[in-house]
Amino acid sequence: LQVRASAEGYLALSAKDGQHLEKDQSWATIDPEQLTLERKSLEVDQQKLDRQLKKARNDAQDLQVRLSVELHETERKRRDLVDASQESEIPAALKKRAAEAILKIDQQIELLNDKLDPESLERDQQLDEDEGELQIARKRKLFQSLEKRSCLMAPFNGDLRLSDTLKKQLAAAPNPTDLLWVKPNDLIATIVDNDRFEISVTATSPLLAQIPPAELLVFFQEGQTGRLIAGEYARTDEVDLGSEITRNYIFNIQADSAKLAAQSMGQRNLVHIYRKFTRPFRFIQKKDIAFLAPDVLAAGGWDGLIRHLWPGSEVIQVGPQAIAVKPKDEN
């Protein structure tokens, strides 16, 4: 795996050149100071929220006590007014005003009871807590996204090989722990798993979509020795490029070719793709039949030409230079 800088910034290494990395081990951090600041900011926000929630709960308890006292006092006033209005010697006009005052007190008592409703108090408090937790959750998600972009992790077990650019910076740095400056798309390092090598083929040809991947076999030529290295199909990876999703066919290189593969690590090579057949076939060169019936070839293509020359036969695969054909009534 070649690791390149996604943006301009400082890089802090936490592993040495040549060090063996375990899967998911962090070996470098981009802009560590910014990451530290954001982490501290998140911690401070969490502490502030905890204090705010604690204060809100205390305030809610104080409010409940004050409202309870006010309700008790209001109910006492109502009882006094009721008792006074029932006195026979009180003028009618005064009794009328007392009745009006009692009505207002009843409205006030009803309002206080609504405010003291346990479900209402709990609901208001829960809304405040949910609002605070939502704000923290958003900040935490942003920080996790930043942390994921900043912390470089090994996706598999392998050896770390720093780029020549970083090696030069390390050699010139007064302190091995100094931050290193990287530019966008700079090669930072390569992680190599010497126990396993793979060939990754981007599936751009529509022909590949028509063939079961397990029947594919690939070869490429190693540059120094000229020897062919073969790969057996292992899996298909989907890579999200933002604007589109591409499919990569991954082929495992056999262990006896590991040393040759190591010399081609990280290179882009011309790969020859072959199809393995699970049933017998005849191999026919296109050049041997192209001029036997040109009109049929022009009208029906290679399938039509094969059916014309050998009625009842079946075309298994049309390749760049040859055709795989299953003849009629032949095993």
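**Surface charge and strand pairing in a predicted model**

D50 is partly exposed, with a relative accessible area of 40%. Partly exposed lies between buried (under 20% relative accessible area) and exposed (over 50%), with a 1.4 Å probe and protein chains only. The structure is a predicted model: local features need pLDDT of at least 70, side-chain atom pairs count only at pLDDT 80 or more, and totals for chains, interfaces and linings use all residues. Residues are numbered from 1 along each chain as its sequence is written, and side-chain values use heavy atoms, without hydrogens or water.

D50 sits in helix α1 (residues 32-85). Helices (H or I, at least four residues) and strands (E, at least two) are DSSP runs, numbered from the N terminus.

Strand β11 (residues 228-240) has two pairings to report. Strands pair if DSSP finds at least two bridges between them. Strand β10 (residues 216-221) is antiparallel to β11 over five bridges. V218 has G231 of β11 as its bridge partner. Six residues lie between the strands of this hairpin, where G226 takes a positive phi near 80°. β11 also pairs with strand β12 (residues 245-253), in the antiparallel sense, over nine bridges. Here Y233 stands opposite F251 of β12.

A262 belongs to helix α6 (residues 258-263). Its relative accessibility is 33%, so A262 counts as partly exposed. The C-alpha atoms of A262 and A230 are separated by 14 Å, with the two residues 32 apart along the chain.

Strand β16 (residues 322-326) is largely enclosed by the rest of the structure, because four of its five residues are buried. β16 runs antiparallel to strand β14 (residues 282-285), joined by four bridges. In that pairing, F283 is bridged to A324 of β16. Four bridges also join β16 to strand β15 (residues 314-318), again antiparallel. V318 has I323 of β16 as its bridge partner. β15 and β16 form a hairpin, with three residues between them.
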